[in-house]
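Subject: Structure handover

Hello,

Here is the structure we talked about. Please look it over before you read my notes.

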Amino acid sequence: MTTDLLRLVIFDCDGTLVDSQHAIAHCMDHAFAEHGLDCPGLEKTRTIIGLSLPEAITQLARPAMLDATLIDAVTNSYKSAFFTLRQSPDFFEPLFPGVMEVIDSLDQRGWLSGVATGKARRGLDAVLDRNNLSRRFVTLQTCDNHPSKPHPSMLEAAMSETGTDPRNCAMIGDTTYDIEMGRAAGMLSIGVAWGYHDREKLEGAGAHAVIDHFDQLPAILDELWKSAEQPA
């Protein structure tokens, strides 16, 4: 493996680094009910985790068609509900096993780490602060400044900020939106099997690999990058 290349590994947040499904579903149900809409529930909400809020709400409301004003209102209700939930003393969004260890391993290789998430920056900052991760990522991309996944805008910005190119970057995520975004940006796309879309969907979206445990990630990236460096 070439060791002098600048590598960048970009992680999704919800469903990849943090298990936030129950909090997201609770706040989504609250926001829908507040506006007289049918609550989507956990199983349906799991399918849209990773999208920006307006896009997620639009999909969850189908077949009903919400206008822009109502989408904005539900979005604001969701944000307010999540802000209130975070103030609860028993609020808990656990890291998935192996997060800290894999970031340490990437650091030891001299690789950079970043985040690209459908969360708002305020929500991402809260997650990172709570889990002592605030200083571990060199680039943070959120839906505040970009189109929803799977548009590659977040990844393009991350590469621009870090001076990396697609051949030396990887997107790590638990949904088809992450995989499709990584492929659209021209980088490796690695699925994680512990998140909110199953292995079959991740592979169908074009994942270069799907891992079952975080500790598999560095070796998979070594293998895939080494393979890409071999002459055709």
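My notes follow, strand by strand and then by helix, core and loop. Keep in mind that this is a predicted model.

Strand β1

β1 covers residues 8-11. Leu-8 and Ile-10 point one way, and Val-9 and Phe-11 point the other way. All of these residues are buried. β1 pairs with β2 (residues 112-116) in the parallel sense, over four bridges. It also pairs with β4 (residues 169-173), again parallel and over four bridges.

Helix α5

α5 runs over residues 99-108. Its buried residues are Val-99, Val-102, Ile-103, Ser-105 and Leu-106. Seen down the helix axis, they fall within an arc of 155°, so they line one face of α5. An α-helix has 3.6 residues a turn, so residues three or four places apart point the same way. Glu-101 and Gln-108 are exposed on the other side of α5. What do the buried residues of α5 pack against? They pack against β1, β2 and α10 (217-229). After α5 comes Gly-110, with a positive phi near 80°.

The cores

The largest nonpolar core has 30 residues. Val-9, Phe-11, Phe-137, Leu-217 and Leu-221 touch the most other members. Two or more residues each come from β1, α5, α6 (121-130), β4, β5 (188-192), β6 (209-211) and α10. α5 gives the most, with four residues.

Phe-137 deserves a look of its own. Leaving aside neighbours within four places in sequence, Phe-137 is in contact with Phe-11, Leu-17, Ile-103, Ser-113, Gly-114, Val-115 and Leu-128.

Val-18

Val-18 sits in the loop between β1 and α1 (21-34). Is Val-18 buried or exposed? It is buried, because its relative accessible area is 1% and the cut-off for buried is under 20%. Leaving aside neighbours within four places in sequence, Val-18 is in contact with Cys-13, Glu-93, Pro-94, Leu-95, Phe-96, Val-127 and Tyr-196. Val-18 and Ala-209 are 191 residues apart along the chain. Their C-alpha atoms are separated by 20 Å.

Best wishes

Conventions. Residues numbered from 1 in each chain as written. Predicted model: local features only at pLDDT ≥ 70, side-chain atom pairs only at ≥ 80, totals over all residues. Heavy atoms only, no water. Buried < 20%, exposed > 50% of the residue type's maximum accessible area, 1.4 Å probe, protein only. Pairing = 2+ DSSP bridges. Arc of directions from axis to C-beta. Contact = heavy atoms within 4.5 Å. Core = buried A, V, L, I, M, F, W, Y, C linked by side-chain atoms within 4.5 Å.
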